[in-house]
Amino acid sequence: MAKQFIISVSREFSSGGHDIAKKIAEHYDIPLYDKNILAEIGKEKGVDMSDFSGEDEKTINVFTSRTVNGFNSSPSYALAHMQFDFIKEQADKGESFVICGRCADYVLKDNEALVSVFIYADDYSRIERTMKKHDCSMPQAIKLNEKNDKRRREYHNEYCKTKWGEMRNYDLCINSSCLGIDGTAAALIDYIDKRR
């Protein structure tokens, strides 16, 4: 693996994946791209991207868009491809970074610097985490977890030829319930160091 390294973190909702990604980015002192990617794109293009936040990681609405010559009029489609281009540009510049979601595991699949991980967790841990974070009941937490996993799966599967969460599409899949947030981050850092 080259000096540059890119860690793509795909994750189940409430698996702690974002917190783990943040710890990895802090450990290596490299950028973490997640929802902030819109602000980064806006800064680069001199455009206020806040109006597009509602379209972030959404699937194409077939009722309000149309496709002509392979291009789609959907804001979600345009935003997704803007993000994919941004990710590729940062990688092509030789930048090291951690990125959550945004199909980075697929978009950068041919980049030798990529380490792709999928973080999941036991149902009970995820439910408990959602209940705490969103101050909701167990049935509400279960629905929220299912809804967000479905959204992530549909988004990924719409833009990628690989399937979200399928182990063969990642370098490493890890259950964060076993080691906790800090332990999982440490295990991934150890793996990344060995790869480097």
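Predicted model: local features only at pLDDT ≥ 70, side-chain atom pairs only at ≥ 80, totals over all residues.
User: What makes R11 count as buried?
Analyst: Buried means under 20% relative accessible area. R11 has 8%, so R11 is called buried. This residue lies in strand 1.

User: Which residues does R11 touch, leaving aside its neighbours within four places in sequence?
Analyst: Quite a list: G17, H18, D34, C100, G101, F118, I119, R152 and W164. Take G101: it sits 90 residues from R11 along the chain, yet the two C-alpha atoms are separated by 7.4 Å.

User: Why are strand 2 and strand 7 said to stand at the edges?
Analyst: The open sheet has 5 strands in the order 2-5-1-6-7, with parallel pairing. Strand 2 (32-33) and strand 7 (172-175) each have a single partner strand, so one side of each is left without a neighbour in the sheet.

User: How do you know that strand 6 and strand 7 pair?
Analyst: Two strands pair if there are at least two bridges between them. Strand 6 (residues 114-120) and strand 7 have 4 bridges, in the parallel sense, so they pass. As an example, I119 has I174 in strand 7 as its bridge partner. Helix 7 (residues 176-195) packs on the sheet too, touching strand 1 (6-11), strand 6 and strand 7.

Methods:
Residues numbered from 1 in each chain as written. Heavy atoms only, no water. Helix = DSSP H or I, 4+ residues; strand = E, 2+ residues; numbered from the N terminus. Contact = heavy atoms within 4.5 Å. Axes fitted to C-alpha atoms, helices over the stretch in contact; angles between N-to-C directions. Buried < 20%, exposed > 50% of the residue type's maximum accessible area, 1.4 Å probe, protein only.
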